[in-house]
Amino acid sequence: MNYIRQLIYDMRHHRMMTWISISGTAISIFLVMVFFMVNSLSTVEEAPESRRHLIYGAPRMFVEVFDGESRGKSANGGMTYEVARQLYENLEGVELATYVSLWNNPVRAMAEAKAPLSVNPKYVDSNFWKIFDFTFIDGKPFSEDELLITTMPPIVLTEKVARKIFGDTSVVGREINIGGIPHIVKGVVKDVNPILKNAFAEIYLPLGNSARGSIFNDPDFAYVGNLQAFLLLKDKKDVENVNKQLNSRSATLNSRLREEYIQAKNIENIMAPEAINTISHWNSSPNVAKVAEKRFLIYLLLLLLPAINLSSMMRGRMRHRISEIGLRRAYGASRLDIIRQFLGENLVVTFVGGIIGLLFSYLFMTYLSSNFLMFVDSWRFDSLDVQMATPSFGMLFTWTSFFIALGACLVLNILTAGLPAWRASKLEPSTAISKSTY
Amino acid sequence: MSKEWRDNLWIILGLTIVSLAIWLFCSALFSTVRYTFLPMGFDESDVFVVDVNTLDPSSSGYVDFGEETEERNKDDMRTLLTMIRDNGNVEAAGFALNGTPYNFSGINSGIYIKGDEPDSIGFRGNFRYYSPEVVKVLRLRSLTGKGSGWLYEKLMEGEMFVSPDPEYDPSLLGKMNEWGWPLGYRAAEDMVGKNVNEYGDSITSYHVADMVELVRRSEFDPPGGGGVIIPIDESHLDDIDDILIRVKPGRADKFREEFESSPELMMRRNVFLGNLILLSEKSKTVDRQSVLDVRLYLTLIGFFLIILFLGLFGTFWFRIQQRISEIAIRRVFGARRKDIFSRIIAEGMLLLIGATIIAGIIGWILLKKTELIEGFSTQELIWFEIATAVIVAVGIILSVIYPAWKAMQIQPAIAVRNE
């Protein structure tokens, strides 16, 4: 109790310094938490990506031609439907596989002679609706049998698009024109935050023939399409087993392609959501360990930077209390008591700063982050609305984030006050009282 | 200062880390903005782009004309283009293949002077295919002072233009890489007035009419070499990516409204036009990541400076309170207020020098040994170090100015009495 009274007195006596300590801590915790939250968005689980820890991706293929004339010719992209099925269909340990378009340029949607609306599409198969848990407000998803319908193909809209185009969300059975082709509305789903980029779209179109083939006219690249695969694993432990099967299937595929002097790369392993996010070069494998190393360095920098700067101020503050330390030591306080006192006092300041920093980080991420950060890939979504998406509060507020903030506060406290408190505790009572040195 | 060596060492450590962080972000900032100073090579104001599509044969609305389908589709495309040109709001409309700013990819190929060996060293650049009207739509700029009418005529006559590479390095000419490929190539001006062939095509030759400013992909992207502009006519209408439309000043909204309310302007049998978007709107999505990066780096530098400010301010505040009697005695012995002030500022600057030297050495090792930031010359790295020192110096001055001012105000008699 006395400690608290003493702390309050000291805080009031050095009001400006108290505010400086709190502000410095708040900035540090704010930066740490923003950095943590940005990283955690690649694994956060929220509908329709509630089972993210079990949904692994196979987002790419790289094809190289190695015959005499075209040596060095290569193409990047997704897969054709045929290649995707060869590689990912009926794998042991996989509950379901879905094939989804990778690049999606905005298309024009129009109905009932109203002005057209530019919307972000996604071409999906029927398993897509089973792997990702969408909430249907009206109607239902399209089935496997409906994928190849060419006259009035089915379409699923999001709530927002349905409202904008029809002024209503109960629109099943109504006609909508997408890029010049009439479709029939089969279902309406709740809007998806673009940050959940594997499931996000504004309209969902059936994976018909035109979306299944190659994206190149060049016969050498007949296997490069616009599809990525998502696999819902039965258990996370199955990753290794699935990768083993994939290695064998990619070897089989390559032995067939070899006859055409083609080699397919980057298809051997499936990737966890956090690994997909670390792909920096389309042709090279993501290096999760290296990214984690860089991330650790950034955390360290964000904590060390304020800690060292605040620590030198802390040393100055200690000097003002040398005689107090001497007296306490003279009346029997142990070195540990002194360390405990100063760490404890600083911890209160750190927690106050930490709470402010944490609150600001939530507010920043929810309302201001789109002015500084982009959570979707610009190459994937050529639309300003989508690029400006911000995470919802539910995506950010997790117990992990809370404990990270708590941990960061403790580390910061030790870094800031640990050394000055340790040095102060070393003072002999007589020296301290006479203020001769410190 | 020597009495407080422990404190000063601690401050230097703090300053070093701040300097390193700022140096790193200065480099990242420069790396992002380094190409924004180059000219764009086109005028994007009042220019719309609309992508051109053809229905898939499996679509229900597809009309199959048998062997004539391709020609019929081209006719329909031509009709749509004519309707756009005839719109009262439109100044000019042309079409492009791999040439729409903010959209094209790099097709880096080369041309060599006709009559030379097919593998002789020529000029390399990104190939852009434009109909002659694109000269007026994008307002391409001649580097030799020719007017846009002249450029238009030349493309109409089937001649081509070259654009110099802003990063052209003549010293590479004649050098080979480890596989025996030439590293350098000829300057753009060497090609003007010559008849040339594209590598791999010894039959089709073009006359290079002029040099035009390089049409860049976006404000932040590196130029990626020089450029070659090749004319295309309406026989290529089935290959094109986009139609580019320049509207009359102030007519953009009206044109968009008319376009979007006229289904006959958007679709004709198998051919349909996609999203109509202003180039200035497109630039916002394409450049957004870089714009945000710049904003983020500047904000982080700001945050680091605030942290530095808070730490230094607090430290000097306590330091001055510690030294009250010393300052008072100095004042009694004739030190002026200005001397006290300058002394404290000088202390901060001495600390900065120490930190800058240490940060310079550590930063140098970090930047050279790791892959944190790549692609900078020694001179550039030194400039970043200088910029960092200036930024940190401003931070130090701002941090110590108030404590120094307070020290200046100390009345000797009161100070000594309080002690």
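Analyst: A residue is called buried when its relative accessible area is under 20%, exposed when it is over 50%, and partly exposed in between, computed with a 1.4 Å probe on protein chains only. Lys and Arg count as positive and Asp and Glu as negative, while His and the chain ends are not counted. A salt bridge requires a side-chain nitrogen of Lys or Arg within 4 Å of a carboxyl oxygen of Asp or Glu. The model is predicted, so local features need pLDDT of at least 70 and side-chain atom pairs pLDDT 80 or more, whereas totals for chains, interfaces and linings use all residues; residues are numbered from 1 along each chain as its sequence is written, chains are lettered from A and ligands numbered from 1 in the order written. Side-chain values use heavy atoms, with hydrogens and water left out.

With these terms, consider Asp125(A). Asp125(A) sits in the loop between strand 7 (121–124) and helix 4 (128–131) of chain A, where helices (H or I, at least four residues) and strands (E, at least two) are DSSP runs numbered from the N terminus. Asp125(A) is buried but takes part in no salt bridge, since which the nearest side chain of opposite charge, that of Arg85(A), is 6.9 Å away. Its side chain meets that of Thr98(A) in a polar contact of 2.5 Å, a polar contact being a pair of N or O atoms within 3.5 Å; within protein, one must be able to donate a hydrogen and the other to accept it, and residues adjacent in sequence count only if both atoms are side-chain atoms. A polar atom of the side chain of Asp125(A) also lies 3.3 Å from the backbone nitrogen of Asn127(A). Apart from neighbours within four places in sequence, Asp125(A) is in contact (heavy atoms within 4.5 Å) with residues including Ala97(A), Tyr99(A), Phe142(A), Leu147(A) and Leu207(A).

Over all chains, the count comes to 28 salt bridges. Among them, Glu202(A) and Lys160(A) are joined at 3.4 Å, N to O. This pair links distant parts of the chain, 42 residues apart: Glu202(A) belongs to the loop between strand 11 (181–189) and strand 12 (203–206) of chain A, and Lys160(A) to helix 5 (residues 159–166) of chain A. Glu202(A) counts as buried because its relative accessibility is 9%, while Lys160(A), at 33%, counts as partly exposed.

In chain B, Arg139(B) forms a salt bridge with Asp43(B), with the closest N and O atoms 3.0 Å apart. Arg139(B) lies in the loop between helix 3 and helix 4 of chain B and Asp43(B) in the loop between helix 1 (5–33) and strand 1 (47–54) of chain B, so the pair ties together parts 96 residues apart in sequence. Asp43(B) is buried, with a relative accessible area of 19%, and Arg139(B) is partly exposed at 36%. The backbone of Arg139(B) also deserves mention: its phi is near 55°, a positive value in a residue other than glycine. Most residues other than glycine have a negative phi, and most peptide bonds are trans.

A further salt bridge joins the side chains of Lys254(B) and Glu258(B), 3.0 Å from N to O. These two residues are four apart in helix 5 (residues 252–260) of chain B, so about one helical turn separates them. Both are partly exposed, Lys254(B) with a relative accessibility of 46% and Glu258(B) with 28%. Elsewhere, salt bridges that share partners connect Asp75(B), Arg78(B), Arg85(B), Glu133(B) and Glu234(B) in one network.

Ala47(A) and Pro48(A) are joined by a cis peptide bond, with omega about 5°, and Pro48(A) is found in the loop between helix 2 and strand 1 (55–58) of chain A. Met152(A), in the loop between strand 8 (136–139) and strand 9 (154–158) of chain A, has a positive phi near 50°.

The account ends where the chains meet. In this interface, 52 residues of chain A are in contact with 50 residues of chain B. Together the chains bury about 4,700 Å², 66% of it on carbon and sulfur atoms; buried area is the accessible area (1.4 Å probe) that two parts lose on being put together, summed over both. On the side of chain A, Arg108(A), Leu305(A) and Phe372(A) lose the most area to chain B, together 14% of what that side buries. Across this interface the rule finds zero salt bridges, whereas seven residue pairs, both at pLDDT 80 or more, are in polar contact. Several elements of chain A each supply at least two residues to the side that touches chain B, including helix 2 (15–40), strand 5 (107–110) and helix 14 (399–425). Helix 9 of chain A gives the most, with 16 residues.
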